[in-house]
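These are my notebook entries on one model. I record below what I looked up and how each term was defined.

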Amino acid sequence: MPRSRKPSPQTRSLLTALLSDSMAWRHGYEISKLTGIRSGTLYPLLMRLHDQGLLASEWAAHDAGGRPPRHLYRLTASGLALARSNLAANAASPVPALVGVLT
């Protein structure tokens, strides 16, 4: 039986960013700017989520002529469900108070 693991902070950030406009196709550089996740972490994460069926991907021509096509990503139905449940779980867990830190 596969073990269910809690998503990493980077995964949660990525899912939240993609959930903000779930129907929009986004390329990696745009996602990196939205989340602050560096490419060395982002692209393996995108590939893993795609392999798990949580992201759809497609190639699209670049807006500027003469540039290579870009890989675009968006949430699948199961990715959307995971992102929404992740967002709900984060909203339900309280942030610990920093008592005495600023005194």
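I looked up the contact (heavy atoms within 4.5 Å) of α2 with α3 and found G28, Y29, I31 and S32 of α2 meeting L42, Y43 and L46 of α3. By class, five of these residues are nonpolar, two are polar and none is charged; Ala, Val, Leu, Ile, Met, Phe, Trp, Tyr, Cys and Pro count as nonpolar, Asp, Glu, Lys and Arg as charged, and the others, Gly among them, as polar. Helix α2 spans residues 28-35 and helix α3 residues 39-51; they pack at about 115 degrees with their axes 10 Å apart. Axes are lines fitted to C-alpha atoms, for helices over the stretch in contact, and angles run from 0 to 180 degrees between N-to-C directions. I noted the crossing of α2 and α3 as right-handed, that is, with the near helix turned clockwise from the far one by less than a right angle.

The model is predicted: local features need pLDDT of at least 70, side-chain atom pairs count only at pLDDT 80 or more, and totals for chains, interfaces and linings use all residues. Residues are numbered from 1 along each chain as its sequence is written, and side-chain values use heavy atoms, with hydrogens and water left out.

Of the 103 residues, 26% are buried, meaning under 20% relative accessible area with a 1.4 Å probe, protein chains only.

Which residues have the most contacts inside the largest nonpolar core? They are L14, I31, L46, L55 and L75, in a core of 16 residues. Such a core is a set of buried Ala, Val, Leu, Ile, Met, Phe, Trp, Tyr and Cys residues joined through side-chain atoms within 4.5 Å. Two or more residues each come from α1, α3, β3 (70-75) and α4 (77-92). Beyond four places in sequence, L14 contacts I31, T35, I37, L42, L45, L46 and L49.

I found R12 in helix α1 (residues 9-19), with a polar side-chain atom 2.6 Å from the backbone oxygen of P7. R12 and N86 are 74 residues apart in sequence, yet 7.1 Å apart C-alpha to C-alpha. S22 sits in the loop between α1 and β1 (26-27) and counts as buried because its relative accessibility is 18%. Outside four places in sequence, S22 touches R74, L75 and L80.

Methods
Helix = DSSP H or I, 4+ residues; strand = E, 2+ residues; numbered from the N terminus. Polar contact = N/O pair within 3.5 Å; in protein donor to acceptor, adjacent residues only side chain to side chain. Buried < 20%, exposed > 50% of the residue type's maximum accessible area, 1.4 Å probe, protein only.
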